[in-house]
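Good morning. I have one structure to go through today, and I will keep it short. Please have the sequence and the 3D view open while I talk.

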Amino acid sequence: MLKYLIILLDDNAVSYCHYAPKAELGVSITPDILKKAIFWAMKENLSVQFVHSKVKMSAEIATLIGSIDHTDIALSDADIVVANDWAEATTLKYSKGRSYVVRTAFENLLDESDTLKSLLVRADRVNIVVTDVENFSDYMIGKYQEFLEGLIPTIIDEYKRDHQVQFNLLTDRLMLNEMNNCNAGYESITLAPDGKFYICPAFYLDGEQSVGDIDNGLNIKNPQLYKLDHAPICRICDAFQCKRCNWLNKRLCREVNTPSHQQCVLAHVERNASKKLLKEFRKIDAFFLPECNIPEVEFLDPFDKVTKQNP
Ligand code: SF4
Ligand code: SF4
């Protein structure tokens, strides 16, 4: 069921996810399109997320934005603040209750363990988004494990001093007992400044076909493909924190419901490190999250489980 409408205020709206933002100057949303979008969101009972750019918005647009309850995603002063590199992440002002997204290439992530630890101390929620998932190779598995496990003492120390920091790569899996994926195309849809709907901002910026427009409504071909129950590999998986990014699926495997090896391995290394974090929590409190159970599995890519079952 559709729950969220993501509105890109500008072609240069910040990227909060795996895709690269548009570099060259683009168009901004018009007041007419924005008015229709807000009306549509109200009619469909959707939560609205506005994605801002550095481009200064007009007073009319600002008034329209203020006319509806919403979440702001921007480079500063927002509910979700995005840093496009580690230098930006260290200079941000960290406020209570906000989420901070750090977009990073995988190799840079591994070099920034100390910086990340300092963010986990300062922020209530940190989301790391890897911008080059396609470059991840199996030979990096050990390094990634070591990197994630190296963050566990910091998270434990923060909990001990009553700062329950949330960190998408390690704590999310502990809080979930079912999939909590991005679900673009199923639970969320994006409206671009051209007045058309896209599965997510990445599909828009990649020049993919629109899936309807604000005047005529949504028109997604084969909408079932965006649902978990039509993703045969993901539906047997318990890396519940995985984004299950259907844009990456399409880019790397040509199908929106078929995950790439890289995405699955990354998510399973995180899942397994979360299991170690859980064990550390239970050393302090034996009843910590009693329902949480992360079983041992013999694979890092559920595709291997599928092929074993159907040789
Ligand atoms: S780890 Fe792979 S199989 Fe599991 S949800 Fe993520 S993409 Fe799907
Ligand atoms: S499908 Fe979701 S996870 Fe993937 S790029 Fe789009 S918003 Fe991000």
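Predicted model: local features only at pLDDT ≥ 70, side-chain atom pairs only at ≥ 80, totals over all residues.

Residues are numbered from 1 along each chain as its sequence is written, chains are lettered from A and ligands numbered from 1 in the order in which they are written, and side-chain values use heavy atoms, with hydrogens and water left out.

Start with ligand 1. Where does ligand 1 sit? Ligand 1 is in the largest cavity. On a 1 Å grid over the protein atoms alone, a cavity is a set of points where a 1.4 Å probe fits but cannot get out, and a pocket is an open set with protein on both sides within 12 Å along at least five of seven lines. To sit in either one, a molecule must have more than half of its atoms within 2 Å of the grid points.

The shell around ligand 1 includes Cys-234, Cys-237, Cys-242, Cys-264 and His-268. A residue counts as near a molecule if one of its heavy atoms lies within 4 Å of it. By class, this shell has 9 nonpolar, 1 polar and 1 charged residues. Here Ala, Val, Leu, Ile, Met, Phe, Trp, Tyr, Cys and Pro are nonpolar, Asp, Glu, Lys and Arg are charged, and the others, Gly among them, are polar. Helix H11, residues 261-284, gives the most to the shell around ligand 1, with 3 residues. Helices (H or I, at least four residues) and strands (E, at least two) are DSSP runs, numbered from the N terminus.

Now ligand 2, which sits in the largest pocket. Among the residues around ligand 2 are Cys-17, Cys-182, Cys-200 and Cys-245, along with Lys-243 and Trp-247. That shell divides into 6 nonpolar, 1 polar and 1 charged.

Next, the core. The largest nonpolar core has 95 residues, and Leu-5, Leu-34, Leu-116 and Phe-167 touch the most other members. A nonpolar core is a set of buried Ala, Val, Leu, Ile, Met, Phe, Trp, Tyr and Cys residues joined through side-chain atoms within 4.5 Å. Helix H11 comes up again, giving the most to this core, with 7 residues. Why does the core lie between domain 1 and domain 2? Domain 1 (1-74 + 186-219) and domain 2 (79-182 + 223-306) both give residues to it. The domain bounds come from an automatic or database assignment.

Last, single residues. Buried means under 20% relative accessible area, exposed over 50%, and partly exposed in between, with a 1.4 Å probe and protein chains only.

Ser-188 lies in strand S8, residues 188-191, and is buried at 5% relative accessibility. Ile-141 lies in helix H6, residues 141-149, and is also buried, because its relative accessible area is 15%.

Asp-138 is in the loop between strand S6 and H6, and is partly exposed at 42%. Asp-138 and Gln-262 are 124 residues apart in sequence, but 8.0 Å apart in space, C-alpha to C-alpha.

Finally, Asp-77 is in the loop between strands S3 and S4. Is Asp-77 buried or exposed? Asp-77 is exposed, at 65% relative accessibility. Phi of Asp-77 is near 45°, a positive value in a residue other than glycine.

Technical notes:
1 Å grid on protein atoms, 1.4 Å probe; cavity = no way out; pocket = protein on both sides within 12 Å on 5 of 7 lines; lining within 4 Å.
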